[in-house]
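Subject: Structure for you to look at

Hello,

Here is the structure I said I would pass on. Please open it next to this message and follow along.

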Amino acid sequence: MSPVRAVVAAVRALSTAAARALSPPSCAGCDVALADAAVFCSDCARTAVPYAERPPRGAMGPGAADGDLVAFAPFAGALADGIRRFKYGDRPDLARPLGRLLLCAARDAGLRADLVVPVPLHPRRLAERGYNQAALLAARVADGLAASFAPRALRRVRSTAQQAQLPRDLRLQNVAGAFRVRAPERIARRRIALIDDVATTGATLAACRDALLDAGAASVIYLVLAAAEGGVDELRSSPPSARRT
Ligand SMILES: [Zn+2]
């Protein structure tokens, strides 16, 4: 994508967000008009059921600890619809209602963080979409937790194949070493909340966590809107000896 097209995409995303901000509140799942400040209409809310206790892997509940996955709900129903529209439907305005759900999950888990870091998009995909959905969510979480927002803490050093299309044994290999910390001195000794919209296999989150721990982070907790219904297998980081390949 040329720089001009990238700018056009970014301007389009901004103007869409501005137009949506002026329109009345609507359901994040189906866009039906809402009378109050709810995220979902009553029909959609029945299909977006928050985790009562724990997502497929990792711990929820008071005192999330290093390596835990905190998620709002399974990737299903209206939450899945809302996330798809947010990412692929040119709807950056959905960061506001979906960010509220993410903040709820963080608070319910008693999550404490110094820095809120989004999983970065590859620059080419960022140019196409006009925004990084994880960064829009992370900004809202940082606000709500009174933590620092660090949108540029990680960078993606190479484009990776779509994780969901790969067999399990290739997923970790696909993303290992795909991320770098820009300024390790800002990461060292900090408690980090790592944000993404969905934990599908967990391999991308684990690769980001490896990079942050290698830079000296005190802890990294995964915070996502939705976790794959079938379970998230690969959240634990590889042993230090297996990193830095
Ligand atoms: Zn709805």
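This is a predicted model: local features need pLDDT of at least 70, side-chain atom pairs count only at pLDDT 80 or more; totals for chains, interfaces and linings use all residues.

Residues are numbered from 1 along each chain as its sequence is written, and side-chain values use heavy atoms, with hydrogens and water left out.

The whole chain

The protein chain has nine helices and seven strands; helices (H or I, at least four residues) and strands (E, at least two) are DSSP runs, numbered from the N terminus. Of its 245 residues, 50% count as buried, where buried means under 20% relative accessible area, exposed over 50% and partly exposed in between, with a 1.4 Å probe and protein chains only. Among contacts with a separation of 6 or more, 74% join residues 24 or more positions apart; contact means heavy atoms within 4.5 Å.

Helix H4

H4 covers residues 95–108. Its 14 residues should span 20 Å at 1.5 Å a residue, and the end C-alpha atoms are 19 Å apart, which agrees. The expected span is 1.5 Å times one less than the number of residues. Buried residues of H4 include Pro97, Leu101 and Ala105. What covers the buried residues of H4 includes strand E1 (69–74), helix H3 (77–88), H6, E6 and strand E7 (219–227). Just after H4, Gly110 has a positive phi of about 65 degrees.

H4 against H6

How do H4 and helix H6 (residues 133–145) cross? Their axes come within 9 Å and cross at roughly 50 degrees. Axes are lines fitted to C-alpha atoms, for helices over the stretch in contact, and angles run from 0 to 180 degrees between N-to-C directions. That makes H4 oblique to H6; angles under 35 degrees count as roughly parallel, over 145 as roughly antiparallel, 65 to 115 as roughly perpendicular and the rest as oblique. The residues of this contact divide into nine nonpolar, two polar and three charged. Here Ala, Val, Leu, Ile, Met, Phe, Trp, Tyr, Cys and Pro count as nonpolar, Asp, Glu, Lys and Arg as charged, and the others, Gly among them, as polar. Among those that meet are Leu98 and Leu102 in H4, and Leu137 and Val141 in H6.

H3 has twelve residues and reaches 17 Å from its first C-alpha to its last, close to the 16 Å expected. Ala78, Ala80 and Lys87 are among its buried residues. After H3 comes Asp90, with a positive phi near 60 degrees.

H3 and H4 pack at about 130 degrees, with axes 10 Å apart, and are therefore oblique to each other. In this contact, six residues are nonpolar, one is polar and none is charged. Leu79, Gly82, Ile83 and Phe86 in H3 meet Ala95, Leu98 and Leu101 in H4.

Two loop residues

Ala146 lies in the loop between H6 and strand E3 (148–149). Its phi is positive, about 55 degrees, although Ala146 is not a glycine. Is Ala146 buried or exposed? At 72% relative accessibility, Ala146 counts as exposed.

Arg189 is in the loop between helix H8 (184–187) and strand E6 (191–199). Arg189 also has a positive phi, near 65 degrees, and is exposed, with a relative accessible area of 68%.

Regards
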